Amino acid sequence: HGLAALDRLLEAGIEVDAQVVLVPGENDGAVLRDTLEWAYARPGILNVGVVPLGYTRYQRRFDRSFDDPAAARAVLADLGPFQRRAEAERGMAWAFAADELYRSAYGDRLLEHLPPARHYGAFELFEDGIGIVRSSVDEFRAAVDDGVAARAAKALAAAGRTAKLVVGEAMMPLFGQLLASSPLDGLVGPLVVANGFFGGNVDVTGLLCGCDVAAAIRADREASPGELPLYALFDVMLNDDGLTLDGMGLRAIEAAAGCPVTVVPCNPSDYLNRIAAL
């Protein structure tokens, strides 16, 4: 019924940004290829984002997605012919893989295999988790080239401080690699936090909860009692009311962590300028 309804919408002239949620053994492999053939034959489907199944610990049906490198690479291989065909015929990749598929496929070598910015066009599927890593890498490198990273490093060194940026496991090890290859090496590092609240394979920074962040900061402080880094949370963790998904505000996180915490924007130039000014 869903495909028939979609056909009626397309016939009415409505254009669609589509998403395929891959479930292992259900709609990957040959089924995914058939799905993409079906979609490509309909010009009203402007693009297709392919994202792996996400699941939490609050269910018992799923215990895997496409975290295995071989499984993730198989998905990328299935997308390749459609991307090349679309590039030749439509001037754009059309079928896009979620960032986490590249991360799962290549791990520590992600930067070597991440598609360039031009692959993502106008980043129409950014909110689907497609192109966020490429955008973050390019923005960070721009902040280094513009001298923003060097200014932040100078300010921290002058104050005798270090900073730790709170991130989810999805940013590991990419974030550490970027920082280590910049003037911020040794002064700014990631504090990688596992998402115990949701569990499963939920690992992005934006879905971190205050309880896990506070516990990770407290454990980090206990491991190095003589230091007090500047702990910075990205504002993507907070809603418009300043609350995390488990209802904690900044003051509550500070109380549970036992130290001051600051909130910074997600753009590297913005958060590095904020760090330099603190």
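**View 1. Four strands make an open sheet in the order 5-4-6-7, paired in parallel.** Strand 5 (188-193) and strand 7 (261-264) sit at the edges with a single partner strand each, so one side of each has no neighbour in the sheet. From one strand to the next, the twist averages 35°. Here, strands are DSSP runs of E with at least two residues, helices are runs of H or I with at least four residues, and both are numbered from the N terminus. Two strands count as paired if DSSP finds at least two bridges between them.

This is a predicted model, where local features need pLDDT of at least 70 and side-chain atom pairs count only at pLDDT 80 or more, while totals for chains, interfaces and linings use all residues. Residues are numbered from 1 along each chain as its sequence is written, and side-chain values use heavy atoms, with hydrogens and water left out.

**View 2. Strand 4 (residues 163-168) and strand 6 (residues 230-234) run parallel, joined by four bridges.** Look for Leu-165, whose bridge partner in strand 6 is Ala-232.

**View 3. Helix 9 (residues 210-223) lies across strand 4, strand 5, strand 6 and strand 7.** Helix 9 runs at about 125° to strand 5 (axes are lines fitted to C-alpha atoms, for helices over the stretch in contact, with angles from 0 to 180 degrees between N-to-C directions).

**View 4. Leu-174 belongs to helix 8 (residues 174-180).** Beyond its neighbours within four places in sequence, Leu-174 is in contact with Leu-110, Leu-111, Val-133 and Val-137, contact meaning heavy atoms within 4.5 Å. Leu-111 is 63 residues from Leu-174 in sequence, yet their C-alpha atoms are 7.6 Å apart in space.
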